[in-house]
Amino acid sequence: MIADKDDSEDESLFINRQVLTTRRLIMRSPRECDISDLVTLADNRHVAQMLARMPHPYGEAEARAFIAMSALKKPGASYALILAGPGGNGAFVGCAGLNVKDRGLELGYWIGEPFWKQGFATEAAHALVDLAFRSTGIAVLYASVRVINPASRRVIHKCGFQYAGQGMMNSLVAGQVPVERYRLDRRTWESLRNWS
């Protein structure tokens, strides 16, 4: 993942980047010790073609640039996803974050292919949705998924996002590609949180 210059420096979107824990994950800032694992998992065309800003091939220079951008004091937040608990052994499984776009805060995530179909993206997404609404005053959180990515669509649906239309995304790997756009408003999030 390569971070672009922020489209907005809206101070209301600054997030206290505390460590988050879920049932199986520790979500923390990316660190230099993650570089080897980051390169191993991110240097995968199947992953990169689903994202806007991840190049392919992905090497140490790209990993270092991502970690450096993640450390900057700027709106949004980036997290490394680390397996926790017995059997987790601290394995790096992917990244997730809240990125500032022209329309507001947007949820993003990717999981390394060896860790697909285990629910890690949903677990991380739930934690970041909660963080976004608890740490900022946003009324709406956004997400986009490539139309050819049903796994990511399922993650978005499990988080309560509602379909908001289609558009185009410029992917570093795939060029201009169609995406589905989703939104989750604060009222819906509050209702979903009350159910649990």
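Both phenylalanine 133 and tryptophan 189 are buried, where buried means under 20% relative accessible area, exposed over 50% and partly exposed in between, with a 1.4 Å probe and protein chains only. The model is predicted: local features need pLDDT of at least 70, side-chain atom pairs count only at pLDDT 80 or more, and totals for chains, interfaces and linings use all residues. Residues are numbered from 1 along each chain as its sequence is written, and side-chain values use heavy atoms, leaving out hydrogens and water.

Now the aromatic pairs. Rings of Phe, Tyr and Trp (its six-membered ring) pair if their centres lie within 6.5 Å; planes under 30 degrees apart count as stacked, over 60 as edge-to-face and the rest as tilted. The count comes to three aromatic pairs by this rule. In one of them, phenylalanine 115 and phenylalanine 120 have ring centres 6.5 Å apart and planes at 65 degrees, so this pair is edge-to-face. Phenylalanine 115 counts as buried because its relative accessibility is 18%. Phenylalanine 120, at 4%, is buried too. Phenylalanine 133 and tryptophan 189 make a stacked pair, 5.1 Å centre to centre with 20 degrees between the planes. That pair links distant parts of the chain: phenylalanine 133 sits in helix H4 and tryptophan 189 in helix H6 (residues 186-195), 56 residues apart. Helices (H or I, at least four residues) and strands (E, at least two) are DSSP runs, numbered from the N terminus.

Helix H4 spans residues 120-135 and holds threonine 122. Threonine 122 is buried, because its relative accessible area is 11%. Beyond residues up to four places away in sequence, threonine 122 touches Val155 and Lys158; contact means heavy atoms within 4.5 Å.

Next, the core. A nonpolar core is a set of buried Ala, Val, Leu, Ile, Met, Phe, Trp, Tyr and Cys residues joined through side-chain atoms within 4.5 Å. The largest one has 58 residues, and Leu38, Trp110 and Phe161 touch the most other members. H4 supplies the largest share of this core, ten residues. Leaving out residues up to four places away in sequence, the contacts of phenylalanine 161 include Leu107, Val129, Ile156 and Leu184.

Ile35, Leu38 and Val39 in H1 contact Glu60, Ala63, Arg64, Phe66 and Ile67 in H3. By class, this contact has six nonpolar, no polar and two charged residues. Ala, Val, Leu, Ile, Met, Phe, Trp, Tyr, Cys and Pro count as nonpolar, Asp, Glu, Lys and Arg as charged, and the others, Gly among them, as polar.
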